Amino acid sequence: MSTEEFSTRKYLRDISLPFCPGCGNFTIINCFLRAVHELGYEDLRNFVFCSGIGCASWIPSPHFEADTIHTTHGRSVPVATGLKLVRPELNVVVFGGDGDLVGIGLGHLIHAARRNLDITVIMVNNMIYGMTGGQVAPTTPFKATTTTTPYGSFEHPLDATRLAVAAGASYVARWTTFHRKQMKEAIKDGLKMKGFAFIEAVSQCPTAFGRRVGLKTMKDMLTWLKENSVPRDEAKKMTESELVGKIVVGEFARRRLPTLTENIREVIGGVTKGVKTS
Amino acid sequence: MTKQKSSSTHFWQGNEACAEGAIIAGCKFFAGYPITPASEVAEHLALELPKHGGTVIQMEDEIASLGAVIGASWAGAKAMTATSGPGFSLMQESIGYAFMTETPCVIVNIQRAGPSTGQATKCGQGDVMQARWGTHGDYASIVLSPNSVQEMFELTIRAFNLAEEYRTPVVLLADEIVAHMRENITTPHSDEIAIVNRKKPKPEDDAFFGVKEIPPMPVVGEGFNVSVTGSTHNEYGYRFTADPKVHQTLVKRLVGKVTNNRDKIADFECHSIDSCEVGVVSYGCTSRALYELIDLGEKERTKIGFIRLKTLWPFPETIIQKMAQTAETIFVPELNLRQIFYEVKRAVEGAATVVPINRIGGGEMITPEEIKTEIKRGMKRVH
């Protein structure tokens with residue numbers, strides 16, 4: 001535990017944040033930096049942040065006082081893979097939206113989880129392509145109105161959390177921006193755990209999502225997130241049809257599995273033994 | 001190949017020579033995806049690179065491969081991927097990203113017959129213009145063209161050196177024939193091979209994306225707090241997505257790094273280009289026929305000169321213009337439907353007649369006899 005008092009300022013560059021009023025990204029920044037603070041990091045020197053394209057990708061880049069790599073759309077996880085394999089001692093953290101990580105970049109997420117790459121991925125799920133003005137996303141609820149589904153979405157959303165569990169992630173949790181304490185604790189757990197950690201942060205976008213589905217303000221959206229959330233234990237007692245449209249929150253996986261780096265060491269460590277690496 | 005104290009001879013396949021060249025150049029990271037006719041590069045490195053402290057990973061696709069290479073490069077490793085046409089197409093967005101973020105890396109493209117899946121096992125030279133213009137926006141590329149197993153080794157090393165020197169992605173644009181054939185090659189004493197490493201910043205440096213033509217490149221995790229972005233950025237890496245001046249300063253410098261150093265980068269082999277009456281310009285596997293033309297000139301009492309391009313981009317216009325001062329006709333044989341032909345034509349500005357010789361499909365080469373026939377026919381037209 002850090003002895004200093006918490007202030008987001010010591011981790012942030014002196015640049016104003018670009019997010020709309022009421023955006024969930026403010027909450028997620030607070031949760032993340034508070035988690036980092038409580039884990040005892042005085043600065044972000046041991047971290048490298050990777051992000052793609054979309055509002056959530058602006059969380060670390062360029063705002064965190066750290067090494068930040070803002071990649072092309074959907075490719076933050078592959079870039080993080082190269083970083084982590086060459087510098088396994090660094091904490092590699094990926095921030096991205098639902099479009100970035102489970103739309104265009106979905107394949108990479110699954111494979112990184114399968115490899116159990118030792119990184120932490122924080123997926124901000126606002127259920128919409130916010131930066132481009134509110135187009136339907138792979139996470140948009142069924143029948144929700146968006147700019148590209150003016151009559152309502154006719155597709156069912158992807159459950160990224162359950163997918164990450166199935167793909168082999170070591171740590172998986174989902175919380176909403178209403179559950180700030182739990183989200184902060186999940187981020188701490190994700191950072192502490194060895195292996196692939198996936199944290200889905202269900203978030204509000206009143207600007208590009210809420211106002212088209214009758215949830216015009218941040219308060220409306222947070223109330224909606226709160227009322228739609230079901231703790232994992234309760235969800236286990238519910239039927240599939242009862243769970244349609246609900247957000248199941250909680251911890252979904254916590255298992256110590258060998259990481260990619262550990263597996264490389266185990267399988268071909270004998271070949272590399274004694275070789276100078278630089 | 002470990003560090004060797006004397007020169008030695010090997011009987012290698014082109015792709016093996018490429019992999020060995022990468023190791024000598026200091027490559028410590030390879031990410032790739034299986035594709036004919038490039039897979040042997042990955043296979044050979046998977047076997048050998050760990051012995052040199054490097055990492056090889058097979059990614060889920062070519063987009064991820066170049067992404068991982070870019071991450072590895074920012075982590076401080078010399079990094080490479082190898083692919084062929086379809087994979088090269090998938091990598092184009094990330095090539096632009098590597099160019100914009102000044103990320104040194106090597107992309108090997110073993111050309112096969114396209115477009116699309118085309119003839120996957122057969123040779124082609126159809127990616128020449130894609131290698132120059134494949135990503136969106138204004139940019140300049142460095143593209144090397146080996147024509148032998150020896151050059152698969154040498155130009156792979158040069159590709160790494162250029163990437164490190166100019167802080168930019170470099171493409172080794174080989175072809176199926178050069179990549180799959182086996183030849184004797186000589187590798188020199190390790191001390192005789194020049195290896196270039198990127199300039200690192202001093203502790204007080206903070207401009208990693210400008211001020212100098214080629215700014216120093218920090219490694220992540222060393223406290224520089226570097227902000228890397230594919231968006232238009234100033235010299236400190238901060239986004240300026242509306243200011244025309246910031247965009248102009250950045251993109252013109254990035255393009256200038258390559259075009260201002262054209263003479264240092266562009267490399268070629270010349271034969272009798274002073275006072276030649278007939279000229280031939282070729283590259284890659286097709287250029288192997290050029291050596292057969294040397295005797296033809298004597299027989300036909302015509303001075304035949306040739307230029308064999310070892311660098312396709314930046315295009316070495318000056319040497320082509322020199323040839324056009326005396327040559328009335330310049331032939332351009334290539335395994336595509338005219339690509340470098342247009343570049344030669346543009347360079348000579350009407351000073352010589354430029355005649356294309358093209359062939360595609362089935363991996364069939366343009367034979368020396370066919371070039372000779374074209375030259376004889378062309379000579380009749382001229383006289």
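Biologist: How do the residues lining the largest cavity divide into nonpolar, polar and charged?

Modeller: In this predicted model, that lining has eight nonpolar residues, three polar ones and no charged ones.

Biologist: Which residues are they?

Modeller: The lining of the largest cavity is made up of Phe88(B), Gln92(B), Ile95(B), Gln130(B), Ala131(B), Tyr139(B), Ala140(B), Ser141(B), Ile142(B), Pro169(B) and Val171(B).

Biologist: Which element gives the most to that lining?

Modeller: That's H4(B), with three residues. Helix H4 (85-100), helix H5 (128-133) and strand E8 (169-175) of chain B each bring at least two.

Biologist: And how much space lies in the largest cavity?

Modeller: About 70 Å³. The count of cavities of 30 Å³ or more comes to four.

Biologist: Let's switch to pockets. What volume does the second largest pocket have?

Modeller: Its volume is about 860 Å³. The lining of this pocket has 26 residues, and Asp159(A), Leu243(A), Val244(A), Gly245(A) and Lys246(A) are the ones nearest the centre.

Biologist: Which elements of chain A supply at least two residues each to that lining?

Modeller: Strand E6 (197-202), helix H8 (232-236) and strand E8 (247-254) of chain A each do.

Biologist: How many charged residues does the lining of the second largest pocket have?

Modeller: Eight are charged, alongside 13 nonpolar and five polar residues.

Biologist: OK, new topic: the largest nonpolar core. Which of its members touch the most others?

Modeller: The core has 89 residues, and those touching the most other members are Phe196(A), Phe29(B), Trp74(B), Ile330(B), Ile340(B) and Val344(B). Helix H3 (residues 62-74) of chain B contributes the largest share, seven residues. Domain 1 (8-192) and domain 2 (269-382) of chain B each put at least three residues into this core.

Biologist: Why would nonpolar side chains be buried together?

Modeller: In soluble globular proteins, that is what nonpolar side chains tend to do.

Biologist: Take Ile330(B), then. What is it in contact with, leaving aside neighbours within four places in sequence?

Modeller: Ile330(B) contacts Gly279(B), Val281(B), Met323(B), Ala324(B), Val344(B), Val348(B), Ala352(B), Thr353(B), Val354(B) and Val355(B).

How values were computed: Residues are numbered from 1 along each chain as its sequence is written. Chains are lettered from A and ligands numbered from 1 in the order in which they are written. This is a predicted model: local features need pLDDT of at least 70, side-chain atom pairs count only at pLDDT 80 or more; totals for chains, interfaces and linings use all residues. Side-chain values use heavy atoms; hydrogens and water are left out. A nonpolar core is a set of buried Ala, Val, Leu, Ile, Met, Phe, Trp, Tyr and Cys residues joined through side-chain atoms within 4.5 Å. Buried means under 20% relative accessible area, exposed over 50%, partly exposed in between (1.4 Å probe, protein chains only). Helices (H or I, at least four residues) and strands (E, at least two) are DSSP runs, numbered from the N terminus. Domain bounds come from an automatic or database domain assignment. Contact means heavy atoms within 4.5 Å. On a 1 Å grid over the protein atoms alone, a cavity is a set of points where a 1.4 Å probe fits but cannot get out, and a pocket is an open set with protein on both sides within 12 Å along at least five of seven lines; lining residues have an atom within 4 Å of a point. Grid points are joined across faces, edges and corners, and a volume is the space filled by probe spheres set on the points. Ala, Val, Leu, Ile, Met, Phe, Trp, Tyr, Cys and Pro count as nonpolar, Asp, Glu, Lys and Arg as charged, and the others, Gly among them, as polar.
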